[in-house]
Amino acid sequence: MADTLADIRNLALVGHSGAGKTLLAEALLLQAGALRSKGSLARGTTVCDFDAQEKRLQHSLDAAICTFDTQGTRINLIDTPGMPDFIGRALSVLEAVETAAVVISAVDGIEAVTQRMMDFAAERELCRLVIVNKIDSKEARPREVLEQLQAAFGRECLPLNLPNADGSAVLDCFFRPDPAQGDAIAQAHTAIVDQVVEVDERLMTLYLEQGENLSPEQLHDPFEQVLRNGHLIPVCFVSAETGAGLAELLEIVCRLMPTPAEGNPPPFIKGDGANAVRARVTPDPGLHVIAHVFKVSVDPFVGKLGVMRVHQGTVRNGGQFNGFTSDDFTAFFETLHPAKLDLALKYPVLTQSLPFYPHFLPTNLADKNFFRRS
Ligand SMILES: Nc1nc2c(ncn2[C@@H]2O[C@H](COP(=O)(O)OP(=O)(O)OP(=O)(O)O)[C@@H](O)[C@H]2O)c(=O)[nH]1
Ligand SMILES: [Mg+2]
């Protein structure tokens, strides 16, 4: 169980339909020990495609949120639909996370939604992680896909691991590179370290002038910086089918991906027109609440459910707060979730399901804390 903000990772799986996001979420839950057996898409038993229509169509139709603990870290993983018709439901989820994990098929390479998600994540200054899935497939062409990624999104797309010859496992290029595995591994390791030290003069001196081998711990802070400013887009390889690369992916998420305090703060705007200024958002539980609803669904028993991302402050069981919808109406939110809400929202940044009952009021009753997305 995560105890502090540093133990939380908020991650969205986005990408083109059929890239394998839902099966990857299932495989990660299994890998982390949150499931005892892996569900099947064909039988409609996956955690994320739980809706009857999703089971029938065998496509995700809405975002599905799952939470699991691994290596002392709490991971909020959100599976999103990849079909172009539902792209809005994936884009709204990206507003709620620090890391956009863009899943690509090693068979099909870059597709329309891949491009859209990479562009949107860059625009929103999110950290990007590219996950190349299906390395087990006979038609997989991981090397070509990596070249395609570098041609489309720049030389900053660098592999943290590479698949072995038959795609049954991945070879680490960052944490524990084994020079005996060949030149490609050593070259990939050098490429990442070169890219990371570029933003840290002290490490650059140690590395280039004194020829020191830098450890992943020494590289942690500059790594965070290059992820935040888009100077590095790490790429890793997996097979959601066979489980290859999953342990490595979890290690990457836990050790390298940003915590809620490390990601770029969301672009909230306070005020209107000429008076609009970018609001400061600090992930501090003691400050007033800034949260936004990123998914709305209708539950047949509970009613309307809003899933919110809390960016600042603490939301408590039974609490109330005012907010604004995009239509410029004040909404009154009441948090009525029964169990464990106090515990779950002790940390300022977590995605949680909260039933909300909006009563629309005219804007002139607005309270002063009017925040909206840019
Ligand atoms: N061989 C192989 N097939 C995979 C792998 N991952 C997923 N698949 C298959 O790819 C198909 C699509 O998988 P999904 O997980 O539904 O893909 P998705 O990205 O969630 O698709 P949408 O929900 O439509 O966005 C299914 O038939 C999976 O069995 C993999 O690692 N290897
Ligand atoms: Mg899916």
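# Briefing: core, ligand shell and loops

Of the 374 residues of the protein chain, 39% count as buried. This is a predicted model, and its protein chain holds 10 helices and 17 strands. Among the contacts in the chain with a separation of 6 or more, 66% join residues 24 or more positions apart. The points below start with the core and the ligand, then turn to helices, a strand and some loops.

**The nonpolar core**

- The largest nonpolar core has 85 residues, and the members that touch the most others are Ala 12, Ala 100, Val 102, Val 130, Ile 131 and Val 235.
- This core lies between domain 1 (5–256) and domain 2 (268–373), because both of them give residues to it.
- As general background, nonpolar side chains in soluble globular proteins tend to be buried together.
- Val 130 is a handy place to start looking: leaving aside residues up to four places away in sequence, Val 130 touches Val 102, Ile 104, Leu 149, Cys 157, Ile 233 and Val 235.
- Two of these partners, Val 102 and Val 235, are themselves on the list of core members that touch the most others.

**Around ligand 1**

- Ligand 1 is surrounded by 20 residues, and the closest are Ser 17, Gly 20, Ser 60, Gly 82 and Glu 241.
- What is the make-up of this shell by class? The shell has 10 polar, six nonpolar and four charged residues.
- Helix α1 (residues 21–31) gives the most to the shell, with three residues.

**Leu 24 in helix α1**

- Leu 24 also belongs to helix α1.
- Is Leu 24 buried or exposed? Leu 24 counts as buried, because 26 C-beta neighbours lie inside 10 Å and the cut-off for a buried residue is 20 or more.
- Beyond residues up to four places away in sequence, Leu 24 touches Leu 13, Val 103, Asn 133, Val 238 and Ala 240.

- Helix α3 (residues 87–94) has the buried residues Ala 90, Val 93 and Leu 94.
- These residues sit on the same side of α3, because they cover an arc of only 105 degrees around the axis.
- What do the buried residues of α3 pack against? Their partners are the strands β1 (8–14), β3, β4 (99–105) and β12 (290–299), together with helix α4 (112–123).
- Helix α7 (residues 201–209) is hardly covered, and the count of buried residues among its nine residues is zero.
- Just after α7, Gly 211 takes a positive phi of about 60 degrees.

**Arg 74 in strand β3**

- Strand β3 (residues 73–79) contains Arg 74.
- Arg 74 is partly exposed, because 18 other C-beta atoms lie within 10 Å, and a residue needs 20 or more to be buried.
- Arg 74 and Ile 8 are 66 residues apart in sequence, yet 4.9 Å apart in space from C-alpha to C-alpha.

**Loop residues with positive phi**

- Most residues other than glycine have a negative phi.
- Gln 58 has a positive phi near 55 degrees although it is not glycine, and it is found in the loop between α2 (52–57) and β2 (64–70).
- Gln 71 is another non-glycine residue with a positive phi, of about 50 degrees, and Gln 71 lies in the loop between β2 and β3.
- Gln 58 counts as partly exposed because 13 other C-beta atoms lie within 10 Å, and Gln 71 is partly exposed with 13 as well.

- Setting aside residues up to four places away in sequence, Leu 35 touches Leu 29 and Leu 30, whereas Lys 38 touches Glu 26, Ala 27 and Leu 30.
- The C-alpha atoms of Lys 38 and Ala 27, 11 residues apart along the chain, are separated by 6.6 Å.
- For Leu 35 and Val 47, 12 residues apart along the chain, the C-alpha separation is 9.3 Å.

Note on methods
Residues numbered from 1 in each chain as written. Chains lettered and ligands numbered in written order. Predicted model: local features only at pLDDT ≥ 70, side-chain atom pairs only at ≥ 80, totals over all residues. Core = buried A, V, L, I, M, F, W, Y, C linked by C-beta atoms within 7 Å. Buried ≥ 20, exposed ≤ 12 C-beta atoms within 10 Å, placed from the backbone. Domains from an automatic or database assignment. Contact = placed C-beta atoms within 7 Å. Helix = DSSP H or I, 4+ residues; strand = E, 2+ residues; numbered from the N terminus. Near = placed C-beta within 6 Å. Nonpolar A, V, L, I, M, F, W, Y, C, P; charged D, E, K, R; others polar. Arc of directions from axis to C-beta.
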